[in-house]
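Colleague: Could you walk me through the voids and the core of this one? I'd like to start with how a cavity gets counted.

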Amino acid sequence: MADKKSNKYRQQEHIVENRELNIWEALIPVIALVGMLAYNVYVFGDDAIGGSNQFILLMGGAVAAIVGFFNKATYKQMLAEVAENVKSTTGALLILLMVGALAGTWMISGIIPAMIYYGLQILNPTIFLAASLIICAIISIATGSSWTTSATVGIALIGIGDALGIPMGMTAGAALSGAYFGDKMSPLSDTTNLAPAMAGGDLFGHIRYMTYTTIPTITITLLVFVIIGLNLETTGIADTESILKSIDSTFTINGWLFLVPLAVILMIVKKAPPLVALLIGTLLGGVFALWFQPDIVAGITGAKELNFESGYKGILNAITIKTSVATDNPALNDLFSAKGMSGMLGTIWLIVCAMVFGGIMDGIGALSRITKSLLGLAKTTFGLFASTVGSCLALNVTASDQYLAIVVPGKMFAKAYEDRGLAPENLSRTLEDSGTVTSVLIPWNTCGAYHSGVLGVGVADYFFFAIFNWLSPITTLFFAALGIKIKHLASAKAS
């Protein structure tokens with residue numbers, strides 16, 4: 001993930017316990033939330049994300065608060081946990097705003113159109129999905145960030161796929177599968193560092209041990225996308241030539257435009273803070289827009305020619321509000337529009353409301369109670385793995401934050417793994433296989449909200465095609481059930 005929070009800070013997070021609360025009471029807000037969200041989506045459909053889902057999350061928080069009041073949880077305590085939760089997303093919210101700004105300047109500068117232009121010539125529908133997965137995996141390994149990958153090549157791939165006539169859900173699923181594979185396996189990723197820190201292992205031992213489940217999972221995912229590509233029937237390929245002509249006649253397209261995304265990726269690789277890299281990328285995009293696309297910058301402000309005022313106004317409009325560049329091909333008009341910072345406000349609204357629900361659930365002790373109950377079901381080694389997976393999934397749904405889905409189960413289960421004679425790599429791998437990668441599958445989770453907002457594709461649309469993400473916990477349970485590559489403490493010490 002892109003929001004680099006220190007492991008030390010996350011390890012110091014306390015977990016609120018409430019002995020007055022039983023498991024059934026802890027589950028009441030979860031059941032109520034799921035029921036209300038299901039009905040709300042049924043009524044509003046795709047428009048539910050426009051605001052009604054946000055209010056439902058607040059209502060779920062209200063149900064949790066009522067349960068808390070009946071179990072001696074104080075209003076002050078609940079509010080304090082909400083404040084901590086919202087505070088923990090500060091970096092993520094700022095990154096979302098900056099991604100919206102970056103998308104705006106990269107669109108009017110011709111950077112994203114150039115990616116689409118050259119991508120259409122290199123990628124065809126048969127190999128597109130598999131290539132998207134591989135490209136995103138490489139970028140994410142290099143940067144350690146699925147968020148940065150989505151905000152750069154992910155946006156371009158969505159545009160290329162749309163131009164080729166490939167459903168956006170497929171493209172988003174392939175891109176996210178690759179992005180989360182890279183995020184999970186990169187030593188630069190904060191979650192990859194956090195998981196072994198929680199379990200008591202070391203970073204590179206954790207990464208080596210993850211390959212046992214991760215490589216088979218990404219291989220299966222890649223094969224599925226190859227098969228889909230071989231059987232994919234699209235309508236976009238026949239119109240590629242006219243699309244290329246429209247792009248070329250609207251924008252000045254050349255290889256120099258790629259200097260900006262390369263600079264951003266290089267900064268991330270060199271461990272520059274993501275916010276700094278995205279800000280510089282946004283500003284460079286604005287400079288390139290003024291240099292390479294002066295007519296477009298002037299045109300979006302209604303000016304006849306570029307001058308200081310129209311240039312300033314055009315760049316600021318692209319950064320802050322919805323901006324569109326019209327072409328002679330109607331199919332491209334939606335593609336060449338960006339919503340700027342304002343387009344990210346709905347996603348930010350969703351994240352804040354999700355953090356309110358998660359904060360109250362933590363404040364009343366419900367998160368701790370749910371996790372402990374799952375731990376109590378772990379009578380066998382497989383049961384321990386299954387309880388860990390279940391706990392991570394539950395935390396991603398209830399706490400709406402992938403960090404908490406690693407920290408809370410990590411703290412709760414570490415002693416249980418040790419008592420059963422299992423090396424910490426087993427726990428850290430399971431935390432990543434089920435906590436990190438599934439966060440993007442929950443619409444109100446910070447990761448699901450972020451990627452959905454950035455890519456412009458609903459979670460429901462890409463859920464099935466994010467194969468790597470939902471297959472990873474299944475793979476880890478399969479290995480646990482058959483006793484494959486289960487490392488014990490004796491063998492860990494020997495090695």
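Modeller: A cavity here is a set of grid points where a 1.4 Å probe fits but cannot get out, whereas a pocket is an open set. Please keep in mind that this is a predicted model.

Colleague: Which residues line the largest cavity?

Modeller: Its lining is made up of Cys136, Thr149, Ser150, Gly154, Ala175, Leu176, Ala179 and Leu455, which divide into five nonpolar, three polar and no charged residues.

Colleague: Switching to pockets, what is the volume of the second largest pocket, and what lies nearest its centre?

Modeller: The second largest pocket has a volume of about 330 Å³, and of the 15 residues that line it, Met115, Ile135, Val153, Ala156 and Phe258 lie nearest the centre. At least two lining residues come from each of α6 (111–122), α7 (125–143), α8 (146–164) and α13 (259–269).

Colleague: And how does that lining divide by residue type?

Modeller: In the lining of the second largest pocket, 14 residues are nonpolar, one is polar and none is charged.

Colleague: Last topic, the largest nonpolar core: which residues have the most contacts inside it?

Modeller: Those are Ile108, Leu120, Ile247 and Ile364, in a core of 151 residues. Helix α5 (residues 90–108) gives the most to this core, contributing 12 residues.

Terms used. Residues are numbered from 1 along each chain as its sequence is written. This is a predicted model: local features need pLDDT of at least 70, side-chain atom pairs count only at pLDDT 80 or more; totals for chains, interfaces and linings use all residues. Side-chain values use heavy atoms; hydrogens and water are left out. A nonpolar core is a set of buried Ala, Val, Leu, Ile, Met, Phe, Trp, Tyr and Cys residues joined through side-chain atoms within 4.5 Å. Buried means under 20% relative accessible area, exposed over 50%, partly exposed in between (1.4 Å probe, protein chains only). Helices (H or I, at least four residues) and strands (E, at least two) are DSSP runs, numbered from the N terminus. On a 1 Å grid over the protein atoms alone, a cavity is a set of points where a 1.4 Å probe fits but cannot get out, and a pocket is an open set with protein on both sides within 12 Å along at least five of seven lines; lining residues have an atom within 4 Å of a point. Grid points are joined across faces, edges and corners, and a volume is the space filled by probe spheres set on the points. Ala, Val, Leu, Ile, Met, Phe, Trp, Tyr, Cys and Pro count as nonpolar, Asp, Glu, Lys and Arg as charged, and the others, Gly among them, as polar.
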